[in-house]
Amino acid sequence: MANKLDIFYIGTYGKAADPTIYGCHFDKTSGNLSVFQRFAGIEQASFLAVHPGGRILYACSETGETRGEPSGSVHSLSIDPQTGELEALEDGLTYGEHPCYVSVSVEGDALYVANYSGGNAAVIPLSFEGRLEEPASSVIAGEGELGTLKDRQEKPHAHCIDPLPATPYVYVADLGTDSVYIHRRSVDGRSLLRTGSLRLEPGSGPRHIAVKEGLSYAYIIGELDSHVTVAQIGSEGKLEAVQRISALPQGFQGESWAADIHLSPDGRFLYVSNRGHDSIAAFSVNTENGRLSLIQHISTGGTYPRNFALSPDGEWLLAANQNSGSVNVFRRDPQTGLLEETDSLLNVPSPVCIRFL
C-alpha cells in the first residue's frame with residue numbers, strides 16, 4: 001500500500017443485513033476518499049474504537065435488546081495488518097440498552113462502554129491480544145441529581161467513558177445528570193471506583209470529553225446547551241471548571257445540539273461539531289491556562305454532523321454528516337488551526353463515527 005494512504009473506518013446506522021462499517025482509504029496528498037470494504041452483520045454500528053495494538057476494531061451495536069436481553073452489544077473485529085480488512089471475531093452484551101460510546105483502557109486490557117438508555121457504564125475485560133472476555137467484570141450504575149430539561153434528562157444517560165492518558169483515572173460523562181464522574185481503575189483493571197465528580201451548568205447535558213496526555217485541562221461538550229466547559233485536571237483526576245464558552249455563533253436563534261469534540265495533535269486547537277447549525281466550531285487553546293478563544297465556524301457541507309476525526313498528521317478533518325449521508329473533507333492549517341473546504345466527499349448512508357487506524 002502506498003505511503004500516502006491512511007486507513008480509516010466509518011460506523012453507520014443501519015440494519016444488520018446492510019453494511020454498517022466501511023473500511024476506507026484516505027489519500028493525505030489529495031484528500032480523496034475511497035471504500036475498500038463494506039462490512040455487514042452489525043446493527044446500528046454507531047461508535048468505533050481501535051485497540052492500542054492496532055489489530056482489533058470494536059463497534060457498538062446501539063440497540064435496546066440483544067438475544068432477548070435488555071442490552072446492546074459490542075463486537076470485536078480483526079484488522080488485517082496488510083489490507084486493513086475486517087473479519088468478525090466475537091460479540092458480547094454491554095449490560096445496558098443503546099450503547100453509544102466505546103473506548104479502550106490505556107493498558108489495552110479493558111473495554112469501556114457507555115450505555116445511553118441503560119444509564120450505566122460497563123467494563124469488559126480484554127485478553128492480551130484484545131479479544132473480548134465475557135461477561136463484563138463491572139457495571140457502573142448511573143446515579144445523581146437529574147438535570148433541568150425533563151424531556152432529555154428524565155434519568156441518567158451515560159454518553160461517553162474515556163480513560164485519562166498516563167493515569168489510572170477514567171471519566172464518565174452523563175447527559176442526564178449534568179455531571180462528569182471520576183473513577184479510579186483497580187489494580188487488575190477489572191473494575192472502576194468512583195472518586196469524585198464535576199457538576200456542570202444545569203441543562204448542559206455533557207456528551208463527550210477531549211483530553212490529551214501531557215495537558216492539564218479537559219474539554220467537555222454539552223450536547224443540550226452547545227457550550228464547552230474547560231476543566232483543570234488536578235491530583236487524582238479531579239476536575240475544576242475554569243471557563244464556559246459557546247460553540248455556536250453569537251446571536252444564533254435556531255435549534256442545535258453539539259455532538260463531538262477533539263483536540264488537535266499538538267493540543268493548540270479544539271474543534272466541536274454542531275448539529276442544527278451544521279458546522280464545525282474551531283477554537284485556539286491558550287496553552288498556559290487552557291482557555292479557549294473562538295476562531296472559526298465553517299459549514300460541514302451537509303446536515304446533522306455527528307462525529308468527526310482529525311487525520312493522524314493533523315492536516316485534515318473529516319466530518320460525518322448523518323442526515324445528508326456524506327463524509328466531507330476539510331484541509332486544516334496546523335499553524336493557524338483554520339479549516340478550508342475541499343471538493344472531496346464520500347456518500348455513505350447515515351455515517352455517525354469515524355476512526356483512523
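Q: What makes strand E5 (residues 56-61) largely enclosed by the rest of the structure?
A: Buried means under 20% relative accessible area, with exposed over 50% and partly exposed in between (1.4 Å probe, protein chains only), and 6 of the 6 residues of E5 are buried, so the strand is largely enclosed by the rest of the structure. Ile56, Tyr58 and Cys60 point one way from E5 while Leu57, Ala59 and Ser61 point the other way, and all are buried. Strands (E, at least two residues) and helices (H or I, at least four) are DSSP runs, numbered from the N terminus.

This is a predicted model, in which local features need pLDDT of at least 70 and side-chain atom pairs count only at pLDDT 80 or more, while totals for chains, interfaces and linings use all residues. Residues are numbered from 1 along each chain as its sequence is written, and side-chain values use heavy atoms, with hydrogens and water left out.

Q: How do you know that E5 pairs with strand E6 (residues 73-79)?
A: Two strands pair if DSSP finds at least two bridges between them, and 6 bridges join E5 to E6, the two running antiparallel. In E6, His75 is the bridge partner of Ala59. E4 also runs antiparallel to E5, joined by 4 bridges, and Leu48 stands opposite Ala59 in E5.

Q: Why is the pair of Phe26 and Trp316 called edge-to-face?
A: Rings of Phe, Tyr and Trp (its six-membered ring) pair if their centres lie within 6.5 Å, and planes under 30 degrees apart count as stacked, over 60 as edge-to-face and the rest as tilted. The centres of Phe26 and Trp316 are 5.4 Å apart and their planes stand at 80°, so the pair is edge-to-face. Phe26 lies in strand E2 (residues 19-27) and Trp316 in strand E25 (residues 316-321), so the pair ties together parts that are 290 residues apart in sequence.

Q: Which classes make up the lining of the largest pocket?
A: With Ala, Val, Leu, Ile, Met, Phe, Trp, Tyr, Cys and Pro counted as nonpolar, Asp, Glu, Lys and Arg as charged, and the others, Gly among them, as polar, the lining has 24 nonpolar, 6 polar and 5 charged residues.
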